[in-house]
Amino acid sequence: MKAIWRHLRFTASSMIDALTSRSQITRLHSRGQLLAQLEHAVRKHDDSSSAHVRACLVFDIDRFRQVNFSLGYACGDHLLQELNRRLKVLDHIDLVVRSGDNEYTLLLRVHKQEQLQSALHRVGQIFDPPFTYQGQDCFLRASFGLSDLTITPDNVQQALHQAEQALLIAKQTGKNKLITFHPLPTQQRFASQIQMETDLRKAIAENQLLLYYQPRLELSTGQISCLEALVRWNHPLHGMIAPAEFIPLAEESGLILPLGEWVLREACLQKARWLAENKLDYQVAVNISPCQFQDENFADKAIHIIQQTGINPSYLEFEITESSIMQNMEKTIAVLDKLCSKGISISIDDFGIGYSSLNYLKEFPIHCLKIDRSFVKNIQSNSNDWAITNAIIHLGHALNIQVVAEGVEDVGQLDILKETTCTTIQGFLLSPPISAYDIEQTFHMNDNRPVMIS
């Protein structure tokens, strides 16, 4: 569908020499012309008397669609024009092409391999200052894919393919990062995507899936308050497969709906077992994908599963992304009200990286905000990340909404979060996601001693 859309919107460009000029950044929707430009740029700047290292870098602006939806297309166009200006002044770039609506392809050229990382760092830095539109600051983030080939005229197509594959992994594994191409585990394990989809269907039907749990810690009491259920796939031949490898496929194929129902049912059944055995009395959080939430029968299906398993809905929290709830305000309010009327709590996952209006915090019945790990990661070194984190925490306090800092991995981050009066944390500093058995061995309902982390 994306290819058709690009074809429909393609307009003919001028001659290649004009297109490759650094004085302008040309927008293309034809892969053939993109490859021709890359090859031409490589040949044009080829100098056999000195060695150069060339690499193909493709980047995509994260969640740019939300900018257009919430701030308008005029704002989006203005921000892209400013991005173009920033790209034009960078060194070590032979070619810059806008290869999609918010995707850019760059040909980097440096004298030594050691200079490549410095050049990549400078490309990433263009997103550090805020972009401004009509007096309003907007912070953009991007995902980057880098080829691992030293480009020649003969391997341009392979290099571009590598960079695009690396970009896809960057987008699927959290965004806002640079990935250098290497053979993917999925490519090594499965002969084709069709085979992986077939195996995933079988996994859902034959119980090859399992849930791991990652705890949250209340800083004021030192007690665990909630366990987030996270799905894992234990393939009979290929072993444990990470969610980043199969969740995108599940969403594309529609398998995310039966997969999501399996996760909810299994989380409820596990909670029922813990209650029956008097082991764990914590709330359990279940991630709800955008595809699930947009299903017209989602609320009824969820309530039916909860009733079948016989647990009190107040033991459940649904984690929903900002993009899910902003699709249709009227429908969202009705769905959330229906879930909350049964006692289910609602949290907003990855809060802070979307572009939706804060008005929904007032309109929707929301109990918890989870600060995205991208802010927490650099909270010690980046004043902007600290300011955003601090603002979200105090916003939550003012609205009487719980705030959870995700991705807490070291004591330095923890100390800063305590200073900002953050009440709840989640991350590897406390515990990685672990099996239900390991959770039982580590955290006990009747053990009231505070959890010690260091």
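Start by selecting Gln 307 and Gln 308 in this predicted model: these exposed residues sit on the face of helix α13 that is turned away from its buried side.

Now widen the selection to residues 298-309, and you have the whole of α13, 12 residues in length. From first C-alpha to last it reaches 17 Å, close to the 16 Å expected at 1.5 Å a residue.

Next, colour the buried residues of α13: Phe 298, Ala 299, Ala 302, Ile 303, Ile 305, Ile 306 and Thr 309. Turn the view until you look down the axis of α13; the buried residues fall within an arc of 160 degrees, so they line one face of the helix. Here's a handy bit of background: an α-helix has 3.6 residues a turn, so residues three or four places apart point the same way.

What covers that buried side of α13? Show α11 (256-276), β12 (283-288), α12 (290-294), β13 (316-321) and α15 (329-341), which are all among the covering elements.

Time to zoom out to the largest nonpolar core, with its 75 residues. Pick out Tyr 213, Leu 259, Val 286, Leu 316, Phe 318 and Leu 417, the members that touch the most others. Helix α11 gives this core its largest share, eight residues.

Stop at Leu 259 and look for its contacts: leaving out residues up to four places away in sequence, Leu 259 touches Ile 204, Leu 209, Val 231, Phe 246, Ile 247 and Ala 250.

Terms used. Residues numbered from 1 in each chain as written. Predicted model: local features only at pLDDT ≥ 70, side-chain atom pairs only at ≥ 80, totals over all residues. Heavy atoms only, no water. Helix = DSSP H or I, 4+ residues; strand = E, 2+ residues; numbered from the N terminus. Expected span 1.5 Å × (residues − 1). Buried < 20%, exposed > 50% of the residue type's maximum accessible area, 1.4 Å probe, protein only. Arc of directions from axis to C-beta. Contact = heavy atoms within 4.5 Å. Core = buried A, V, L, I, M, F, W, Y, C linked by side-chain atoms within 4.5 Å.
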